[in-house]
Amino acid sequence: MKKILLLSTGGTIASRTAGNGFVPAAEAEDLLCLIPELKDLCEVRYATLMNLDSSNIQPEEWADMASAVFRALSVCDGVVITHGTDTMAYSSAALAYMLQNLNKPVIFTGAQIPIEEPDTDGKRNLKDAFSAAVDGRLAGVYIVFDGSIISGICAKKVYSKNRHAFESINRKPVGEIVEGVVSLYDTSERLIDGPLTLNANFDSSVLLVKLTPGSSSAILDAAVSLGYKAVVIEAFGLGGIPNVRRNLLPSIRRLTAQKIPVVVTTQCVYDGCDLGIYHVGVSAVEAGVVSAGNMTTEAAVVKLMWILGETTNFDQIIERFCKGEHGL
C-alpha cells in the first residue's frame, strides 16, 4: 500500500467561521477525520505545516513547502498539499521550479467552501487528490480541483466562487477524475535527468505591471530605485505596448540597459503572447523585452523570482527564462 503525506497549509478548505469572516483553523488530522475512507486507499501520513489564508503565503512559505515535500519524498510515494485557492497557482508553479527531476506526484488541492460546511467541495477534491497521488502514472506538480488534473505551471484561478475554480491555460488538462477513477489525456513521460534536487532560493524583487490605457512610464522608471531586479509587463492582446502617446519603450530601453530583464505576457487568459505579429510587439522586442509565450502570468513571475534566487547575470536570466516548454 502506498504511503501518501497530507501536508496542510490552511486555506478555505481548513477554514472555520470567526467573528470577522472565515479563518483557517482546522488541522491536517481534522481534515482526514472527515474522509475515513482514505485509509482504504493508502497509508496516510499527515502534518500541518502552516495554517494561513493563501493571500498570506509568500515565497518564504513556498520554500517551507518545498523543503517539507523534499524530505517526505524520501520515504513517501507522493504528497497531497491542501492550500488556499487564491494563490495556489503561484505555489504550484513555485514547487514545480524548486523540485527538479520529480519522479513522484505532488498534488495541490483545496476548496471553495470549507470542508466542515454542509455543501463543501473539499471532501471530493481531497479524495480526488489522493486518488491521483496513488494512481502511479503521475510525476511532477499538479493541481487537482473539481475533477480536473492540471499541470502546476499551467493553472490559473478563473472563478472566485464557482467550484470549477481552476483551468489549464494553453495546454489541455492532464486528465480528469470521475468517482475516484483517474483518466489521463496526456500519458507522455517527463524526462528525469538525475536525482531529485531542491533549490528553494527565491528573490521576490520582480515587479508586475498591468497596462491600462493611460499607463505612465513613471512606474517603470522607478523600478530600479525601488529595488526591483526584473519586470513583468502584462500587456494588451498578443503583447502590445504603447509606442506613440505615453510611449513606454524609452523606459524599457533604460531598464534593459541597466541589465534589468523585462518580460512581456498578456492580459488575455488564453493563447499567450506573440510579439512578432503587430508593430507594437515587434518594437517592444527591439527595445529589449522577452516574450513569456504561452506561460501564465503566475508562472512567469514565479520563474523569474526563482532564477533571480540563483543568478543576477542578465544573460543567464534571459537564457534560463526562455528555456523549456511552458517555462519549465
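In which hand does H2 pass H3 at their crossing? I found that H2 passes H3 in a right-handed crossing, where right-handed means that the near helix is turned clockwise from the far one by less than a right angle, and left-handed that it is turned anticlockwise. Before going on I noted that this is a predicted model, in which local features need pLDDT of at least 70 and side-chain atom pairs count only at pLDDT 80 or more, while totals for chains, interfaces and linings use all residues. I also noted that residues are numbered from 1 along each chain as its sequence is written, and that side-chain values use heavy atoms, with hydrogens and water left out.

**Entry on H2 and H3.** I looked up helix H2 (residues 59-72) and helix H3 (residues 88-98), which pack at an angle of about 50° with their axes 10 Å apart; helices (H or I, at least four residues) and strands (E, at least two) are DSSP runs, numbered from the N terminus. The axes are lines fitted to C-alpha atoms, for helices over the stretch in contact, and the angles run from 0 to 180 degrees between N-to-C directions. H2 is therefore oblique to H3, since angles under 35 degrees count as roughly parallel, over 145 as roughly antiparallel, 65 to 115 as roughly perpendicular and the rest as oblique. I listed Trp 62, Ala 63, Met 65, Ala 66 and Val 69 of H2 against Tyr 90, Ser 91, Ala 94, Leu 95 and Met 98 of H3 as the residues that make the contact, a contact being heavy atoms within 4.5 Å. These residues divide into nine nonpolar, one polar and no charged, where Ala, Val, Leu, Ile, Met, Phe, Trp, Tyr, Cys and Pro count as nonpolar, Asp, Glu, Lys and Arg as charged, and the others, Gly among them, as polar.

**Entry on E2 and E3.** I then turned to strand E3 (residues 21-24), which four bridges join to E2, the two running antiparallel; two strands pair if DSSP finds at least two bridges between them. E2 and E3 form a hairpin with two residues between them, and in E3 the bridge partner of Thr 17 is Phe 22, while that of Arg 16 is Val 23. The side chain of Arg 16 also meets that of Asp 30 in a salt bridge (3.5 Å, N to O), which is a side-chain nitrogen of Lys or Arg within 4 Å of a carboxyl oxygen of Asp or Glu. Arg 16 lies in strand E2 (residues 15-18) and Asp 30 in helix H1 (residues 28-33), so this pair ties together parts that are 14 residues apart in sequence.

**Entry on the open sheet.** Four strands form an open sheet with parallel pairing, in the order E15-E16-E17-E18. I marked strand E15 (206-210) and strand E18 (290-291) as the edge strands, each pairing on one side only. Helix H8 (residues 297-308) packs on this sheet and touches E15, strand E16 (230-235) and E17.
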